[in-house]
Amino acid sequence: MSDDVKKIKSILGEFITKNDLTDGIDSARIQDSWHELLGKNINAYTQTIKLQHDVLVVKLSSSVLRQELSYGKDKIIDMINECLGKNKVRDIRFI
């Protein structure tokens, strides 16, 4: 990595931290991860995805899917956190 790239990365990192943008960026990355990891079928029933204080709140249009996903909640949390590269999501609430 060149020195210019390192400087830009450092400046962007400071800007994100100083302006408290980390949660918003994490939230956007979590939404992308959800869509990528869970695929088209589940995405068709996903209405909203929000990160609220380390709890991922996912609104689904299917009560059956809501129940099914609740069984695999821990695995979903692990997969999303792995995509993020940090343990940001502590729990998932399906509504």
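Thr-48 stands opposite Lys-59 in strand 2. Strands here are DSSP runs of E of at least two residues, and helices are runs of H or I of at least four, both numbered from the N terminus. This is a predicted model, in which local features need pLDDT of at least 70, side-chain atom pairs count only at pLDDT 80 or more, and totals for chains, interfaces and linings use all residues. Residues are numbered from 1 along each chain as its sequence is written, and side-chain values use heavy atoms, with hydrogens and water left out.

Strand 1 and strand 2 (residues 55–60) run antiparallel, joined by 6 bridges; two strands pair if DSSP finds at least two bridges between them. Strand 2 pairs with strand 3 in the parallel sense over 4 bridges, and there Leu-56 stands opposite Ile-92.

Which residues form the covered face of strand 3? They are Ile-92 and Phe-94, whereas Asp-91 and Arg-93 form the uncovered one. In a regular strand, side chains alternate between the two faces of the sheet.

Trp-34 is in contact (heavy atoms within 4.5 Å) with residues including Leu-56, Ile-80 and Phe-94, leaving aside its neighbours within four places in sequence.

Definitions and conventions
Buried means under 20% relative accessible area, exposed over 50%, partly exposed in between (1.4 Å probe, protein chains only).
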